[in-house]
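Here is a walk through one protein chain, with the sequence and the 3D view to hand. Keep both open as you read, and look up each residue as it comes along.

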Amino acid sequence: MTPKLSVMGPLLILVLCLFFIPFTAKAQVVITGRVTGAASGAPLYPATVLDKTSGQAVYADTKGYYRIEVQPGDQLQYSYLGFYTLKYSVPLRLTRVIHDVQLVSKREHLSEVEVHAKTPYQQDSLDRLRTFGDYLKEPVYPLMDKSSHSNGGFGLTFHPFTYFSKDQRRKRRFHKMYGKFEKKAFMDARYTPELVTRLTGLTGDSLQQFLQRFHPTYGFTRHATDLEFWSWIKIQYQSWIMPK
């Protein structure tokens with residue numbers, strides 16, 4: 001009996017140790033759901049779903065649906081331009097979760113005001129405004145406008161000679177050109193090769209090809225937070241390098 005005890009003793013100790021050692025490995029959690037507006041129920045595209053723990057982010061599609069793979073206990077953040085952000089803690093004991101989110105609009109609330117030092121674009125824009133400000137203030141007349149009559153009614157008044165005059169045509173062209181230039185200058189100042197390189201590691205011809213293929217809209221570039229804008233770049237990069 002003694003030899004058997006000498007063999008079973010270490011084995012029993014090993015089993016007990018394995019039993020009491022906590023299991024620390026985390027299984028991946030797949031979370032799917034839909035992001036919509038709380039009031040309208042309409043899908044919010046492209047709402048951002050950010051894993052603040054890992055830094056991973058995905059976008060909801062045109063119907064509001066999203067899918068993200070995370071770890072138990074991670075903190076998710078749901079955001080969309082003009083809506084309040086929501087946070088969500090990933091459950092610890094589930095491997096698949098369906099989590100629909102309804103975001104509340106900020107339309108009837110005052111937005112936060114952040115004060116920053118002027119960027120190079122802002123400084124250049126102010127300099128352009130000082131240079132062309134007087135010319136921009138000069139009136140540009142429409143072809144027709146509403147006018148009131150002595151009997152209390154309203155009608156349309158046409159200004160063909162003024163509208164088609166050489167001076168007015170020049171002013172309209174300048175206003176249009178100035179607006180386009182300001183938009184392009186802003187987008188070039190934010191969507192820069194340096195930023196894309198920092199977020200993706202692309203350089204040289206690959207960087208130029210990426211910049212030519214992926215173009216954020218002016219509205220998104222203007223209103224997106226830094227986090228939303230960086231997430232957009234990373235998502236486009238992942239779709240670009242994904243095997244076809």
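## The chain as a whole

Please keep in mind that this is a predicted model. The protein chain has eight helices and 10 strands. Of its 244 residues, 30% are buried. If you take the contacts with a separation of 6 or more, 55% of them are between residues 24 or more positions apart.

## Strand β2 and its partners

Strand β2 (residues 48-51) is joined to β3 by three bridges, and the two run antiparallel. Within that pairing, V49 has V58 in β3 as its bridge partner. β2 and β3 form a hairpin, with five residues between them. In the turn you will find G55, which has a positive phi of about 90°.

On pairing with β5, β2 makes four bridges, again in the antiparallel sense. Here L50 stands opposite Q77 of β5.

Side chains in a regular strand alternate between the two faces of the sheet. Are the faces of β2 covered or uncovered? Both are covered: T48 and L50 are buried on one side, and V49 and D51 are buried on the other.

## Strands β1 and β4

Another antiparallel pair is made by β1 (residues 29-37) and β4, which are joined by six bridges. In this pair, T32 stands opposite R67 of β4.

Strand β4 (residues 65-70) has one covered face and one uncovered face. Y66, I68 and V70 belong to the covered face, while Y65, R67 and E69 belong to the uncovered one.

## Where α5 meets α6

Now for the helices. The axes of α5 (residues 193-200) and α6 (residues 204-213) are 11 Å apart, and the two helices pack at an angle of about 110°. That makes α5 roughly perpendicular to α6.

Which residues meet between them? From α5 come P193, V196 and T197, and from α6 come L207, F210 and L211. Sorted by class, the contact of α5 with α6 has five nonpolar residues, one polar residue and no charged ones.

F210, in helix α6, is buried, with a relative accessible area of 0%. Leaving aside neighbours within four places in sequence, F210 is in contact with Y191, V196, L202, I233, Q236, Y237 and W240. One of these, I233, is 23 residues away from F210 in sequence and 9.9 Å away in space, C-alpha to C-alpha.

T200 belongs to helix α5. T200 is buried too, with a relative accessible area of 11%. A polar atom of the T200 side chain lies 2.6 Å from the backbone oxygen of V196, and the T200 side chain also reaches the backbone nitrogen of L202 at 3.2 Å. Beyond neighbours within four places in sequence, T200 is in contact with I233 and Y237, and both of these residues are also contacts of F210.

The side chain of T221 reaches the backbone oxygen of T217 at 2.7 Å. Setting aside neighbours within four places in sequence, T221 is in contact with F186, M187, R190, P216 and F229.

Conventions. Residues are numbered from 1 along each chain as its sequence is written. This is a predicted model: local features need pLDDT of at least 70, side-chain atom pairs count only at pLDDT 80 or more; totals for chains, interfaces and linings use all residues. Side-chain values use heavy atoms; hydrogens and water are left out. Axes are lines fitted to C-alpha atoms, for helices over the stretch in contact, and angles run from 0 to 180 degrees between N-to-C directions. Angles under 35 degrees count as roughly parallel, over 145 as roughly antiparallel, 65 to 115 as roughly perpendicular and the rest as oblique. Contact means heavy atoms within 4.5 Å. Ala, Val, Leu, Ile, Met, Phe, Trp, Tyr, Cys and Pro count as nonpolar, Asp, Glu, Lys and Arg as charged, and the others, Gly among them, as polar. Two strands pair if DSSP finds at least two bridges between them. Buried means under 20% relative accessible area, exposed over 50%, partly exposed in between (1.4 Å probe, protein chains only). A polar contact is a pair of N or O atoms within 3.5 Å; within protein, one must be able to donate a hydrogen and the other to accept it, and residues adjacent in sequence count only if both atoms are side-chain atoms.
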